[in-house]
Every structure is written in C-alpha cells, then in structure tokens.
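Student: I would like to go through this model strand by strand. Could we begin with the pairing in the sheet?

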Amino acid sequence: MRENEEITLDIIDIDHLGLGIGKVDNFPIFIDNAIPGEKVVARIEKLTKNLGQAKNIKIIEESNNREKNICTYYSKCGGCNIMHLKYDYQIKYKTDITKKTIRKVSGLNPIIHDCVKNEKIYGYRNKVQVPLSLVDGEIISGFYEEKSHTIVPMTNCLIEPIETSSIINDLKEMFKELNISIYNEQTNKGSIRHIMCRINNEEEIMLVIVATNNLKEINQISKEIIKKHPKIVSIYLNINNQKTNVVLGKEFKLIEGQAFITETINNLKFNVHPNSFLQVNHDQCEKLYDKAIEYANLSKDDIVIDAYCGIGSITLNLAKKAKKVYGIEIVKEAIDNANENKKINNIDNVEFICGPCENEIKKLVSKEKIDVIVFDPPRKGCDIEFLNTVIDMKIPKIVYISCKTSTFARDAKILSENGYELIEVTPFDLFSHSTHVETVAFLSIK
C-alpha cells in the first residue's frame, strides 16, 4: 500500500471527526464521507506508521443511513462534516461517540442518555460570521475549507437563516459598486475583513461590519442595507487593524439603530451586544438550560455559584429556583452585560462578580455554605487550579456544561479521583450536521 494508490475498503466504524474507518490487514484507514456498512473505493492520501488517510472516490455499496439531499458546498466547506448522514443516524452517532469518549477518557460508567434532537436542523444559527476575500476581481465570502484559510465561495448556507445570507450577498454588491477594498490577510492590506450577523427569536438582526479602518462609506452602506432589510435594527462598525486570525477588534462604533438586540430564553430577556457570548442555537439552548436546572435540583434554600457565567444567561435561569446565585466571570464587559440583564429581568437574588473563578470561589465558600456549582467552561475545559479549588471547597453538587466531550471527560476523571461521582450525562445536538456535541452532566460528592 502506498500514497495515491486506490483500494477497496469495507467501512466498519466511524470516528469522532466523522471519518469512516476501514482496515487493510488490521491497519486502520480513515476515509472522508464514508459510513459503516458501505464498501468504497478510496485513494490513499497520507500514510504514517500507525494509520492511513484516504479520500472516498466511489461508493460501491451504499448505506441506508446516507443522506443524498445535501448542501452543494459540502464537499469543500469545512463548516459541516456529517451532513452525509441521515439525521436520525447523526443522533445515534453523537450518542455513541459521547459514550465512547466519556468511558475511554474518564474510565467511568455513568448513565448516558440519548442525544437530544434538534427540531430545526436547518437555519438554526443565531450568529453568522464570514470572512471576505477578493478572487479574480470578484468579492467572495464563505466558510473556510477544512484545516485551511482558503474561503469556499458561497451565496447561501443551509444552517444559516435565509435573511442573513441575503444581507451578506447584498453587502458584497455594495462593496463592489463603491469600489471598497477587501482585506488580504497575506499582505495585511485592504479594508473589509468580515461580516457578522446576529438574529434573535423575533428575527431582529444586528449587523457588524469588520474593517481595518473607519470606512468613510459606512453611513451610506448602513442606510441602503436597512432599506433592503428592515429587520436590521442595529449596525456596528468594528475596527480590527491587527494581523490576526481573531475576527473582532476591540473598537466598536454604533452606526445605526440600537446598541443591542434582546433575546428571550425561558421567558427571561437578555440584551445581546456584538461581542456577547450566547449559544448559537436558541431552541436547543432552552432545553439545555432546563436540563442543567433539573440536574441541580434546587430548593428555595440553596445557594449556587455559576462559574464562567458570561452575560448571565444560565445564572438568571438558576435564580428562579434558588435562594441566591453568584455569577463569576473574568471578562469585565461580560459582567457589565450580566448586570444589565439582571436589571431588565428585575431579579434581586443574583450577584455578579468579576474575577478569576478559583479565587472568587474561595472567598464565597469562606463566608457561606455553597450547595451547587454550575460551570460552562470554554472548549479547553477547566484549569486544574479551578478544579482543585472546587475539590478543596467540597461543594456538594456539580452541574458541568461542556462544548467538548473529551475535555469534560478528562475533568470528570480528576473530580472522580478526588471525592466526586459522575452520576448522569445528557448530550445535546446544538450543531446539526457537524460532529460537535454539547453535554450536561451531574456530579455529586461521595
């Protein structure tokens, strides 16, 4: 077997990246766009000592689990990676991969429920951000090819709302007509870098145009785009003149409309600013928060900490059931936003604290008994110092919300070795057609 050779393989499994797995004399080959039960012809693209990577050239025997009605950009775009699976099989896959990952990484065997389905598998994203580039004189936008910074030119995306795709296309036409330059990340020259849209459940839209300069045409562009799309209620210009992969710069200028859009989550209102963190799938977010509150099993006497609280979306939902909730977050802008949300909901049993979680937890536990801690860390999981603080403080119940199962499983193992028991896990499909899984877990002190 050698690189560029074409071989016939039976697909026997699927991995955490959605790649089909076949074997040649017990040597594993990972193939894109391949499903267990299929026989395919694949071209070997890379060989290492332990595995091979191959491209699916032809399907000889097709699985009943294959979805044929998929996006025209799917073979190139890196945004989705399991759209070739029928949705029920996507859910089975996400359930199975959650179980495998948790049991393999943590060595634990908790109750793991089936992945909770997304009722709206297309057009579900409430935040869309796309880079722009100039190719052969034409302005293009779209997601990057997988593992690259090459933009796949797109005019629409099935997981985005139709309105946001239309806004992006109209803006590209305006930039062309006004002869506005497009940023080139190789030369670090040009003006327009990204377009970002946020949309709430009332279909009100916030538009953010990311540029390297003050963009003298911004007022004209804003007035014209609002005429075409009256659902736009807020327009910002974001200045990012750094040579960086980070999308948003630090400077925001409100050009038209209101400073925020308001999202409703489980009957609470949240003012969402351009750089606010919010789950990208509104309906699944509500279900996920309901499960977190169920696992917390709060009484009116309970005092709760919500670590990594962001704009307070979980904190304020917890407050409906508890005596007192403390939200902790190191980002000052997020805490300011959280206090704003506390005020508009007239909730008085919440206190937001700006600072490192591990330090603030120690202060809180030293002055009163904490019954439950909820944490929703970034993809890298929890810092060991934070986990050690939780362990030392012996907080009785933990609700862990995770956007990466492997780092959650690692953290659950550490907690289980230090006095906690992982009781139950529920995965959620917030990102249909991708391998990403959000999980909610309950741990209690032994």
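Student: How many bridges join strand 19 to strand 20?
Tutor: This is a predicted model, and in it strand 19 (residues 372–375) and strand 20 run parallel, joined by four bridges. Within that pairing, Ile 373 stands opposite Ile 398 of strand 20. Between the two strands the chain passes through helix 8 (residues 384–393), and this β-α-β crossover is right-handed.

Student: And which way does strand 22 run against strand 20?
Tutor: Strand 22 (residues 438–445) runs antiparallel to strand 20, with six bridges between them. Here Ile 398 stands opposite Leu 443 of strand 22.

Student: What is the strand order in the sheet as a whole?
Tutor: The order is 7-21-22-20-19-16-17-18, an open sheet of eight strands with mixed pairing. Strand 7 (111–112) and strand 18 (350–354) are the edge strands, each pairing on one side only. Strand 19 also pairs with strand 16 (residues 303–307), in the parallel sense and over four bridges. Val 304 has Val 372 in strand 19 as its bridge partner.

Student: Back to strand 20. Is it buried or exposed?
Tutor: Strand 20 (residues 397–402) is largely enclosed by the rest of the structure, because six of its six residues are buried.

Student: Which residues lie on each side of it?
Tutor: Lys 397, Val 399 and Ile 401 are on one side, with Ile 398, Tyr 400 and Ser 402 on the other, and both faces are covered. In general, side chains in a regular strand alternate between the two faces of the sheet.

Student: Now the helices. Which residues of helix 8 are buried?
Tutor: They are Phe 386, Leu 387, Thr 389, Val 390 and Ile 391. These buried residues pack against strand 16, helix 7, strand 19, strand 20, helix 9 (405–416) and strand 21 (420–428). Helix 8 is followed by Lys 394, which has a positive phi, near 55°.

Student: Where does helix 7 lie?
Tutor: Helix 7 (residues 357–367) lies across strand 16, strand 17 (324–329), strand 18 and strand 19. Relative to strand 17, it runs at about 155°.

Student: Changing topic: where is Gln 279 found?
Tutor: Gln 279 is in the loop between strand 15 (268–272) and helix 4 (282–296).

Student: Buried or exposed, that Gln 279?
Tutor: Gln 279 is buried, its relative accessible area being 4%. Its side chain makes a polar contact of 3.1 Å with the side chain of Glu 438. Beyond its neighbours within four places in sequence, Gln 279 has contacts that include Asn 126, Cys 285, Tyr 289, Asp 376 and Leu 430.

Student: What about Ser 434, which loop is that in?
Tutor: Ser 434 is in the loop between strand 21 and strand 22. With 5% relative accessibility, Ser 434 counts as buried. Its side chain reaches the backbone oxygen of Phe 431 at 2.9 Å. Not counting residues up to four places away in sequence, Ser 434 touches Gly 79, Asn 81, Ile 82 and Lys 94.

Student: Last topic, cysteines. How many disulfides are there?
Tutor: The count comes to zero disulfides, with a cut-off of 2.5 Å between cysteine sulfur atoms.

Definitions and conventions
Residues numbered from 1 in each chain as written. Predicted model: local features only at pLDDT ≥ 70, side-chain atom pairs only at ≥ 80, totals over all residues. Heavy atoms only, no water. Buried < 20%, exposed > 50% of the residue type's maximum accessible area, 1.4 Å probe, protein only. Polar contact = N/O pair within 3.5 Å; in protein donor to acceptor, adjacent residues only side chain to side chain. Contact = heavy atoms within 4.5 Å. Pairing = 2+ DSSP bridges. Right-handed = clockwise from strand over helix to strand, strands pointing away. Axes fitted to C-alpha atoms, helices over the stretch in contact; angles between N-to-C directions.
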